[in-house]
Amino acid sequence: MGDLLGRPRERVSYLAYPNLFGTKSLEKKKMSDITGSTIWSMLFRYSDTVHQFNRILLYMLKYKEYHQKSPQYDLLLKKNEQMYALLAICLSLCPQNNLIDENVSIELKGKYGTQMTKMLRCDGEKYYDELFSFACPKFIAASPSVFYNQDTYRLQLKLFLAEVKQQQLLLGVRSFLKLFSVITIGKLAQHMGSNETSLREILMAYTHKTHAVDNDGHIISNADFDFYIDEDTIHVTEPKSIKHHNDYFLKHILKFEEVIGELAQLQGY
């Protein structure tokens, strides 16, 4: 309920105890996971959101046909489309393509590739508006006399677009920092057409926007690289990508199982 009221931290306290109210069916469990992933995005924990959406969307890609007889199948398909829209928003605000599976990435680019390209520029606010309006929860008011109205939705949309504008102001500094491993503040300010004082403020704002607080109160990073300033020199560090060979083998095991299943069906005819 906390997500619908626009109070995501209340919902997070429930997500810490997912089995508090007993076991759930698989469809209800997935709905709860979808809701939980939306909460992470409202708390600006974009990397957590991307990770959760990737896990759920990968499951849907593999096992969607097994739920066709479920009474909630149409709802699952709708939520599936909404998750791709939210994933496009999160990856535009926090570009980390290494967090998503190749199959999910292909589906995402097919659905929202054009919008994501424009959202990564400073003129993509209308696409954020469209995708958020399509995929956001139906926010409700806390007042018992007014359960759902457009004013509650417009308030959340206004807060979201304000966050988008703040993020877009930092796109320039991110682009420049990705180009260098070491650069002086004066030289970077010259490239950006700014002064050193303003650039220091922008760098502090970028650090603030790319970090969030997890459930344990620890500060976590949403960025795909980090930097630190030593006197007047900026040092950019990028984490080395770790190859997960288990994902490669699991992917091919699943493909072989599908082929074996198809051959078994053909032999049965």
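At the start of helix H5 (residues 102-119), a side-chain oxygen of Asp101 comes to within 2.9 Å of the backbone nitrogen of Asn103. This is a predicted model, in which local features need pLDDT of at least 70, side-chain atom pairs count only at pLDDT 80 or more, and totals for chains, interfaces and linings use all residues. Residues are numbered from 1 along each chain as its sequence is written, and side-chain values use heavy atoms, without hydrogens and water.

**Helix H5**
- Val104, Ser105, Leu108, Tyr112, Met116 and Met119 of H5 are buried (under 20% relative accessible area, 1.4 Å probe, protein chains only).

**Nonpolar cores**
- The largest nonpolar core has 38 residues, of which Leu87, Ile89, Leu108, Tyr112, Tyr128 and Phe160 touch the most other members (a core joins buried Ala, Val, Leu, Ile, Met, Phe, Trp, Tyr and Cys residues through side-chain atoms within 4.5 Å).
- H3, H4, H5, H6 and H7 each give two or more residues to this core, and H4 supplies the largest share, 11 residues.
- A second, separate core of 15 residues includes Val173, Leu177, Ala223 and Phe227.

**Cysteines**
- The structure holds 0 disulfides (pairs of cysteine sulfur atoms within 2.5 Å).
- For Cys94, the nearest cysteine sulfur, that of Cys90, is 8.2 Å away.
- Cys94 is buried at 6% relative accessible area, and Cys136 is buried at 10%.

Technical notes:
Buried means under 20% relative accessible area, exposed over 50%, partly exposed in between (1.4 Å probe, protein chains only). Helices (H or I, at least four residues) and strands (E, at least two) are DSSP runs, numbered from the N terminus. A polar contact is a pair of N or O atoms within 3.5 Å; within protein, one must be able to donate a hydrogen and the other to accept it, and residues adjacent in sequence count only if both atoms are side-chain atoms.
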